[in-house]
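Okay, thanks everyone. I'd like to take a few minutes on the disulfides in this one, so let me put it up on the screen.

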Amino acid sequence: MWISWWLWPLVALCTGDQFRDEAERIMRGTPVIDGHNDLPWQLLTMFNNQLQQAKANLTSLAQTHTNIPKLKAGFVGGQFWSAYTPCDTQNKDAVRRILEQIDVIHRMCQMYPETFVCVTNSTGIRQAFQEGRIASLVGVEGGHSIDSSLGVLRALYHLGMRYLTLTHSCNTPWADNWLVDKGEDKAQSQGLSDFGQSVVKEMNRLGVIIDLAHVSVATMNATLKLSKAPVIFSHSSAYSLCQHRRNVPDHVLQLVNQTGSLVMVNFYNDYVSCRKEATLSQVADHLDHIKKVAGAGAVGFGGDFDGVSRVPSGLEDVSKYPDLVAELLRRQWTEAEVRGALADNLLRVFKAVEQVSDHTQTPEEEPIPLDKLEDSCRTKYGYSEASSFYHQPGALLASLTTILLGLSLL
């Protein structure tokens, strides 16, 4: 009896090691593609994007969730790096700021070519896997970064942007954010305005993945119904397990299933447990729930490392992904389901977005109405009287009436 009692901890330890070993075996062939990492923002706030400073060395950077040794230990093979600028730059210098953040991502690839390779398509990710390098992609976080301009949207695509989060924690003039659902912002677009619909259509045409993290439920619904391609939530969790408005409710998860879309689970404690503390096991609960409601093909990882102040016990930095995978294996996820969550689901969505894109199609051109824009720091080139007549049918009639009256007096 005493012998069997002492054996139980040894059995548990050996079983735990077995799942961890199995996780590493799987991840050697299918490394994780994470949907959202804010290291570029840390590089701005800590070093003003001066990567050649000794303290900014990514092989020894110690104050962050992310550095090169941690990425390698975590079997990270693909990363959407967040190009982010805060909401207080809206209607000010958002475009300049986002260009600088895209630039720093490109310079990461330039400075560490043995580790990072900047890619812009699903084929590039697979090639990076074969080369043992980390496929680095640009995700622009917050639609305010395009300054309500389809031309800026297209320019950012040409600079490598491959997803755009439609809002951050503020409305744009064309889409509503999650704080509307919390009652802290007023709905302006009831989801998507007419111009917001044009943004979605243009993203489909270009081949930019639509990201619905941070948006209101109305924006989620409108976009999922409008988009011809699957979408992602790059860093969101399940609302049923943590009633935070940044998370995805079950009825939206059902739309995710119907559209072949993807929810990449966020590790921020406040979205995992709705408390200041959380655990790796609770993150796995979110993955389980999304798999149950939306299907195994709808699950991914979007840790939000270096963009949050609190992360779960057991997921302290990017080196810990194998421990989360081991937990999923312990919960009897199949190898195919695990490989899906690691990379295959994202690659499927990305490929579908590429297949929907059509650069021979005529681009969206109709600008946002001038009265939807704040004009305190804004010029009005292009918004001529001719275009104002286009938006105000009564103006032309009034002008013609004035001219005819003038002629009658001659």
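Predicted model: local features only at pLDDT ≥ 70, side-chain atom pairs only at ≥ 80, totals over all residues.

With sulfur pairs within 2.5 Å taken as bonded, we get three disulfides. Counting the bonded cysteines along the chain, the pattern reads 1-4, 2-3, 5-6.

Let's start with C87 and C170, whose sulfur atoms sit 2.1 Å apart. The torsion about that S-S bond is about -85°, so this disulfide is left-handed. And what does the pair tie together? C87 is in the loop between strand 2 (76–84) and helix 4 (94–111), while C170 is in the loop between strand 5 (161–165) and helix 7 (179–182), so the bond links parts 83 residues apart in sequence. C170 is buried, by the way, at 10% relative accessible area.

Next up, C109 and C118, also a disulfide, with 2.1 Å between the sulfur atoms. Here the torsion is about 90°, so we call it right-handed. Are its two ends buried or exposed? Well, C109 is buried at 9%, whereas C118 is partly exposed at 30%.

Last pair: C242 and C274, sulfur atoms 2.0 Å apart. The torsion about the S-S bond is about 105°, so this disulfide is right-handed. C242 lies in the loop between strand 7 (232–233) and helix 10 (250–259), and C274 in the loop between helix 11 (269–272) and helix 12 (280–294), so parts 32 residues apart in sequence get tied together. As for accessibility, C242 is buried at 1%, but C274 is partly exposed at 38%.

How values were computed
Residues numbered from 1 in each chain as written. Heavy atoms only, no water. Helix = DSSP H or I, 4+ residues; strand = E, 2+ residues; numbered from the N terminus. Buried < 20%, exposed > 50% of the residue type's maximum accessible area, 1.4 Å probe, protein only.
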